[in-house]
Amino acid sequence: MNIGNDVNRAAFLLQQGRMVAIPTETVYGLAANVFDDLAIQAVFERKGRPLDHPLIVHIGRWQDVQKVTDQMPEQLARLADWFWPGPLTLVVPTSPRFKSLCTAQQDTVALRMPNHPTTLSLLQALPFPLAAPSANPYTRVSPTQADHVSHYFPDLPYILDGGPCTHGLESTIVGLVDHRVTVLRPGALSLEEIQKIEPEAVLHEGIANRAIPGNRTLHYAPRTPTTAFDHWDELPQWAETERIGIIAASTPKTPGAFPHLWHLTPVGDLQAAGRNLYRQWIEADQLQLDHLFIQRPPRVGMGIAINDRIDKACGQRTEQGH
């Protein structure tokens with residue numbers, strides 16, 4: 001069985017140049033030694049991820065920052081002091097000493113310290129940081145449980161099981177744009193939380209930048225053709241059939257009309273909605289339905305990140321002609 005909670009086994013495999021799936025508080029990652037280009041290339045290939053789409057570097061100690069960058073801007077350092085370990089990724093200039101395929105030949109690197117005890121123990125047992133994109137095929141829904149990873153990659157050398165992810169959405173990516181703290185990808189840490197530390201922080205909307213991990217138009221999508229909606233009266237009559245799934249952010253007037261209905265949250269809790277989104281998406285996808293409808297929650301707090309993922313998933317369907 002390639003699923004377990006043996007940190008030593010995971011560390012041994014990583015030191016041998018193998019890839020290992022690891023848990024974080026956000027989603028599961030497909031990890032490899034950041035300094036081993038053969039291992040990093042294998043991660044890109046296994047995911048089917050373009051080589052010009054950079055990977056996030058994960059560290060377990062503050063001193064490991066120096067392995068990848070000599071420049072931590074003051075505003076970003078304050079955020080790291082406050083939110084690390086946690087679901088915050090910082091885009092910082094690379095050190096001239098840091099050479100890795102994970103940067104996709106950019107002059108910046110995306111860096112974070114995850115807040116998961118199992119993975120922190122693993123990172124602290126290793127002499128190198130880990131590059132770890134989400135443990136899913138490129139553009140597919142990110143895994144939030146070990147069995148999700150096993151479904152995607154049944155023959156991985158090892159899946160380090162840390163239980164269900166507590167946030168369930170990817171980390172928030174933050175960098176400086178024109179010297180201003182800017183959210184480049186919304187995620188598990190809300191803009192409002194960041195603004196408590198950096199009041200002038202802003203959200204960079206509509207960006208699809210190759211230099212930002214997970215920030216292309218085509219991303220986070222199930223195989224099932226998916227359409228987003230806001231209000232129940234937008235659904236077509238044929239949505240009330242056995243071959244249609246609904247992921248709802250509110251309660252319909254007649255819930256029994258929908259044979260396959262998931263509730264992101266029964267009480268309007270956007271944190272719970274974030275935890276449930278990918279799990280329910282994967283469950284719906286595994287039913288091989290004809291179509292999936294997903295309701296957008298309010299665009300506040302965690303709802304901004306949830307809507308970002310929904311928009312990207314439905315954008316993929318449009319651009320690929322589904």
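**Figure 1. Surroundings of serine 95 in the predicted model.** Leaving aside neighbours within four places in sequence, serine 95 is in contact with Val68, Thr69 and Asp70. All panels in this set show a predicted model. The side chains of serine 95 and aspartate 70 are joined by a polar contact of 3.2 Å. Serine 95 is placed in the loop between β5 (88-93) and β6 (108-112). Its relative accessibility is 2%, and serine 95 therefore counts as buried, the cut-off for that class being under 20% relative accessible area. For orientation within the chain, the C-alpha atom of serine 95 is separated by 38 Å from that of alanine 273, a residue 178 places apart from serine 95 along the chain.

**Figure 2. Glutamine 105, in the loop between β5 and β6**. Phi of glutamine 105 is near 65°, which is a positive value in a residue other than glycine. With a relative accessible area of 81%, glutamine 105 is exposed. Serine 95, shown in Figure 1, is likewise placed in the loop between β5 and β6, but at 2% relative accessibility serine 95 counts as buried.

**Figure 3. Arginine 112 of strand β6**. The relative accessible area of arginine 112 is 2%, and this residue is therefore buried. Its side chain is joined to the side chain of threonine 26 by a polar contact of 3.1 Å.

**Figure 4. The cis peptide bond between tryptophan 84 and proline 85**. The bond leading from tryptophan 84 to proline 85 has omega near -5°. Proline 85 is placed in the loop between α3 (74-83) and β5. Trp84 is also one of the residues with the most contacts inside the largest nonpolar core.

**Figure 5. Nonpolar cores of the model.** The largest nonpolar core has 69 residues. Within this core, the residues with the most contacts are Val57, Trp84, Val174 and Trp281. Helix α7 supplies the largest share of the core, namely 7 residues. Another core, of 16 residues, lies apart from it and includes Val7, Val20, Leu122 and Leu126.

**Figure 6. Packing of helix α1 against helix α4.** Helix α1 (residues 7-15) and helix α4 (residues 117-125) pack with their axes 10 Å apart and at an angle of about 45°. At that angle, α1 is oblique to α4. The crossing in which α1 passes α4 is right-handed. On the α1 side, the contact is made by Val7, Ala10, Ala11 and Leu14; on the α4 side, it is made by Thr118, Ser121 and Leu122.

**Figure 7. Buried residues of α4 and their cover.** Thr118, Thr119, Leu120, Leu122 and Leu123 are buried in α4. The cover over the buried residues of this helix includes α1, together with β2 (20-22), β4 (56-58), β7 (130-131) and β8 (159-160). Of the buried residues, Thr118 and Leu122 also take part in the contact with α1.

**Figure 8. Valine 43 in helix α2 (residues 37-47)**. The relative accessibility of valine 43 is 0%, and this residue therefore counts as buried. When residues up to four places away in sequence are not counted, valine 43 touches Met19, Leu30, Ala32, Leu55 and Pro133. One of these, leucine 55, stands 12 residues apart from valine 43 along the chain, and the C-alpha atoms of the two are separated by 9.7 Å.

**Figure 9. Threonine 139, in the loop between β7 and α5 (146-152)**. Although threonine 139 is not a glycine, its phi is positive, at about 80°. The relative accessible area of threonine 139 is 12%, and threonine 139 is therefore buried.

**Figure 10. Aspartate 285 in helix α7 (residues 270-286)**. A polar atom of the side chain of aspartate 285 lies 2.9 Å from the backbone nitrogen of arginine 223. Not counting residues up to four places away in sequence, aspartate 285 touches Arg140, Pro222, Arg223 and Thr224. The relative accessibility of aspartate 285 is 11%, and this residue therefore counts as buried.

Technical notes: Residues numbered from 1 in each chain as written. Predicted model: local features only at pLDDT ≥ 70, side-chain atom pairs only at ≥ 80, totals over all residues. Heavy atoms only, no water. Helix = DSSP H or I, 4+ residues; strand = E, 2+ residues; numbered from the N terminus. Buried < 20%, exposed > 50% of the residue type's maximum accessible area, 1.4 Å probe, protein only. Polar contact = N/O pair within 3.5 Å; in protein donor to acceptor, adjacent residues only side chain to side chain. Contact = heavy atoms within 4.5 Å. Core = buried A, V, L, I, M, F, W, Y, C linked by side-chain atoms within 4.5 Å. Axes fitted to C-alpha atoms, helices over the stretch in contact; angles between N-to-C directions. Parallel < 35°, antiparallel > 145°, perpendicular 65-115°, else oblique. Left-handed = near helix turned anticlockwise from the far one by under 90°.
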